[in-house]
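Q: Could you take a close look at one part of this model for me, and then walk me through what sits around the aromatic rings?

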Amino acid sequence: MSSRTPNPGGAMRVVVLALLWGSTFLWIELALRGLSPLQVTFVRCLLGALVLTVACYASGRRLPRGVAVWRHIVVAAFFCNALPFALFSLGQQTVDSGLAGVLNATTPLWSIALGLALGSERGLRPVRLTGLLLGFAGVILIFAPWQTTGASGWGALAILGAAACYAVAFTYMGRTLVGKGIPTISLSAAQLVAASGLTALAMPIGGLDAVSAGPTVVIAAVVLSVLCTAVTFHLTYRIINDEGATNAAVVGYLLPVVSVLLGAVFLGETLSIRVVLGMAVVLAGVGMTRRTGATAGGRARRSRWLTRSSSTMSSRNASA
């Protein structure tokens, strides 16, 4: 899908989408004040699935059929929804929401690393390889393993694991689900339905704790589920359709900035100079990994990668 010159309406949609995705970590932080990590994950999947399923049938479509398709959907739901949602909630018990958003921005780095491992990233240009190494250097600077121990250290690892899960999911979905003739809203709805089922199976393990559902917790859970999980789907595909996949990818750069600002303003989170520098290094590395050569072949590969990545990104519905 080619890039188009963005119009004011398209630019506004990019801003709104970045605000929704970037605020995901704020709402998780607030929901955790009364719910366990697994409860947050289950509510998010269940309400998101309900909204998307209603939207699916209201648009005249229906959920996919066929055992083979649903096998792929269940695998995608595990790696793109159930597991990363749970890891983010677990990690944010000890990691600030702003930092969680920054660590989430490492997903493109994990995607390239996975591509190298699978052999799909061949002939990696020096600038992209440098970006990959630079990005992970930024992660090390943020994580500071020489001084991070205990719960905070494990929380950061959980969030990095969630970002890596997205990379696995995007690769799998690009090969098995995207571009197979199934409407994207049907796939997204089915994926969250499957994620709800997977999370429900895990509820006996840490999901049956007492709930302290005050107004703040309830509002946070609903906003997280409806706006940051379901509504972002529609906005993402509207941007891809109207503005092109390249412009949709801009959201990935804005998301960590939004998460840091919201955490600082509403939760009073502070960032050390080391973390700020690490965030800058990560974003610079991610930017370098997205650079391609000037050849027609390079542009074609880039277009296919962006289209596939942006399409599958929406299925996680939250950068988170």
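**A close look at one helix, then the rings**

A: Helix α4 (residues 97-104) is largely enclosed by the rest of the structure, because 8 of its 8 residues are buried. Buried means under 20% relative accessible area, exposed over 50%, and partly exposed in between (1.4 Å probe, protein chains only). Helices here are DSSP runs (H or I, at least four residues), numbered from the N terminus. Among the buried residues of α4 are Leu99, Val102 and Asn104.

Quick caveats: this is a predicted model, where local features need pLDDT of at least 70 and side-chain atom pairs count only at pLDDT 80 or more, while totals for chains, interfaces and linings use all residues. Residues are numbered from 1 along each chain as its sequence is written, and side-chain values use heavy atoms, with hydrogens and water left out.

Now the rings. Phe, Tyr and Trp (its six-membered ring) pair if their centres lie within 6.5 Å, with planes under 30 degrees apart counted as stacked, over 60 as edge-to-face and the rest as tilted. That rule gives 4 aromatic pairs. One of them is Phe25 with Phe88, edge-to-face at 5.4 Å centre to centre and 65 degrees between the planes. Phe25 lies in helix α1 and Phe88 in helix α3 (residues 67-91), so this pair ties together parts that are 63 residues apart in sequence. Phe25 counts as buried, at 0% relative accessibility, and Phe88 counts as buried at 0% too. Phe25, Phe88 and Tyr166 form one aromatic cluster.

Key: Helix = DSSP H or I, 4+ residues; strand = E, 2+ residues; numbered from the N terminus.
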